[in-house]
Amino acid sequence: MKFEPQYFEDYEIGHSYDTLGRTITEADIVLHAGQTGDFYPHHMDAEWCSTQGFGQRIAHGTLIIAVAVGMTAGAINPLAFSYGYDRIRFVKPVHIGDTIHVSVRISEKQDDPKRPGHGYVHEQLSVQNQRGEVVLILTHLHLVEKRR
């Protein structure tokens, strides 16, 4: 697979795309709990969850962030680095068996005041379930090289 460099100037505000879907499984939740140490009953105890308002286990928010960002990483830009995430909101729970997909839109660009050869590109991510309900929103910031 060939990776095409994309400079800061190449990004267009408003450009958008959607990913394919990915079903969240019990294995995803168990593995994430083991990796993070988060064995909170909301994620791990099916019996207890059945007595709560949400009725069933919910996926870790950090799992959904990791999966969603991973779903957008198919086209690697060798001139960009993930700089961080802003305005993360867990809008609705994700349950075992839910299929999520991500809508991505370039929402903003700004110069980096400390690095004149770079700028920030803001991607708005909206994660939806199979019913079209938004379950997670966040802004993914990328530090991108400018043309010299």
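The legends below walk through several close-up views of a predicted model.

**View 1. The whole chain, from end to end.**
Let's start with the overall layout of this predicted structure. The chain has four helices and six strands, and from the N terminus these elements follow the order β-β-α-α-α-α-β-β-β-β. Along the principal axes, the C-alpha atoms fill a box of roughly 60 × 30 × 30 Å. Of the 148 residues, 39% count as buried. If you look at contacts between residues at least 6 apart in sequence, 70% of them join residues at least 24 apart.

An unreviewed UniProt entry lists residues 12-111 as "domain: MaoC-like". In the model, this span is 31% helix and 29% strand.

**View 2. The largest nonpolar core.**
Here you can pick out a core of 19 residues, in which Ile 24, Ile 64, Ile 100 and Val 127 have the most contacts. Two or more residues come from each of α4 (61-71), β4 (99-111), β5 (118-128) and β6 (134-145). The biggest share belongs to α4, which gives seven residues.

**View 3. Helix α4 and its cover.**
Zooming in on α4, the buried residues are Leu 63, Ile 64, Ile 65, Val 67, Ala 68, Val 69 and Met 71. Among the elements that cover them are β2 (22-23) and α1 (26-36). Strands β3, β4, β5 and β6 also take part in this cover.

**View 4. Strand β5 between its two partners.**
On one side of the pairing list, β4 and β5 run antiparallel and are joined by ten bridges. A hairpin of six residues connects these two strands, and Asp 111 has Gly 119 of β5 as its bridge partner. Strand β5 also pairs with β6, again in the antiparallel sense, over eleven bridges. The hairpin of β5 and β6 has five residues between the strands, and in it Gly 132 takes a positive phi near 80 degrees. Ten of the eleven residues of β5 are buried, so the strand is largely enclosed by the rest of the structure.

**View 5. The surroundings of Val 127.**
Val 127 stands opposite Leu 136 in β6. Leaving aside residues up to four places away in sequence, Val 127 touches Ile 64, Ala 68, Ile 100, His 101 and Val 102, among others. Its contacts also include Glu 133, Val 134, Val 135 and Leu 136.

The ring centres of Tyr 83 and Tyr 120 are 4.8 Å apart, and their planes meet at 55 degrees, so the pair is tilted. Because Tyr 83 lies in β3 (residues 80-90) and Tyr 120 in β5, the pair ties together parts that are 37 residues apart in sequence.

**View 6. A lysine over a phenylalanine ring.**
The charged end of Lys 109 sits over the ring of Phe 8, at 4.7 Å from the ring centre.

Key: Residues numbered from 1 in each chain as written. Predicted model: local features only at pLDDT ≥ 70, side-chain atom pairs only at ≥ 80, totals over all residues. Heavy atoms only, no water. UniProt positions renumbered as here; feature names shortened; annotations may be inferred. Core = buried A, V, L, I, M, F, W, Y, C linked by side-chain atoms within 4.5 Å. Buried < 20%, exposed > 50% of the residue type's maximum accessible area, 1.4 Å probe, protein only. Contact = heavy atoms within 4.5 Å. Pairing = 2+ DSSP bridges. Phe/Tyr/Trp six-rings, centres within 6.5 Å; stacked < 30°, edge-to-face > 60°. Lys NZ or Arg CZ within 6 Å of the ring centre and 35° of its normal.
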